[in-house]
Amino acid sequence: MSKIIGTKPNQVPTNANLGTMAYVEATPVVAFNVGLSSTFSNSGNGNPITWGNTDGPGRFVYGGCYSTSTGKFTAPTKGVYQFHLNILAQSMGNGDNMEVYIRMDSTIVAIGSRMTYEPGATGESGYMAGIVSTIIECEKGAEVFASWYRSGSSGVVHANPAWSYFCGAKVSLY
């Protein structure tokens, strides 16, 4: 929601026809799309994946809401947020298990891709995808992060940010 706040030239005009007559205060964008800077090993199902690629093609952090050091998004205000996690695991072996999670304040809010690697069925050449999305209500200060779990071989999350990424955005204005 916007509101008229004044007539100063450095404010955003509400309409080209009004010129400098009225300006609005824009609601800041809260969104991020981050990828990996290098492969990521097994985080354990409760530890965040630390996504360090925030400035490559298609990668961004608006609103200062995502920390590359903790791997966590912190909700700047109460609202409804949408999150999506996409990973490509590599070096998976026959019979390895994988799960991907989105967590809020360490509580699992979404689980995706709980499956076992079977060559030719769930993946090829040691690769297997894990995907999960959710829309959740967050209180101000809630921390949301992505994690994954695998058992078996030494599978890792592939570093290509087009395959492995975590993104989210605020979708409500309350």
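Valine 34 stands opposite phenylalanine 166 in strand 14, where strands are DSSP runs (E, at least two residues; helices are H or I, at least four), numbered from the N terminus. The model is predicted, so to speak of local features pLDDT must be at least 70 and side-chain atom pairs count only at pLDDT 80 or more, while totals for chains, interfaces and linings use all residues. Residues are numbered from 1 along each chain as its sequence is written, and side-chain values use heavy atoms, with hydrogens and water left out.

Five bridges pair strand 4 with strand 14 (residues 165-170) in the antiparallel sense; two strands count as paired if DSSP finds at least two bridges between them. Strand 4 is also joined to strand 5 (residues 60-62), again antiparallel, by three bridges, and here alanine 31 faces tyrosine 62 of strand 5.

How is strand 4 placed relative to the rest of the structure? Five of the five residues of strand 4 (residues 31-35) are buried, so the strand is largely enclosed by the rest of the structure. Buried means under 20% relative accessible area, exposed over 50%, and partly exposed in between, with a 1.4 Å probe and protein chains only. Ala31, Asn33 and Gly35 point one way from strand 4, Phe32 and Val34 point the other way, and all are buried. In a regular strand the side chains alternate between the two faces of the sheet.

Elsewhere, an open sheet is formed by five strands in the order 6-7-12-9-10, with antiparallel pairing. Its edge strands are strand 6 (66-67) and strand 10 (107-116), each of which pairs on one side only. Within this sheet, strand 7 (residues 72-74) and strand 12 (residues 143-151) run antiparallel and are joined by three bridges, with lysine 72 opposite phenylalanine 145 in strand 12.
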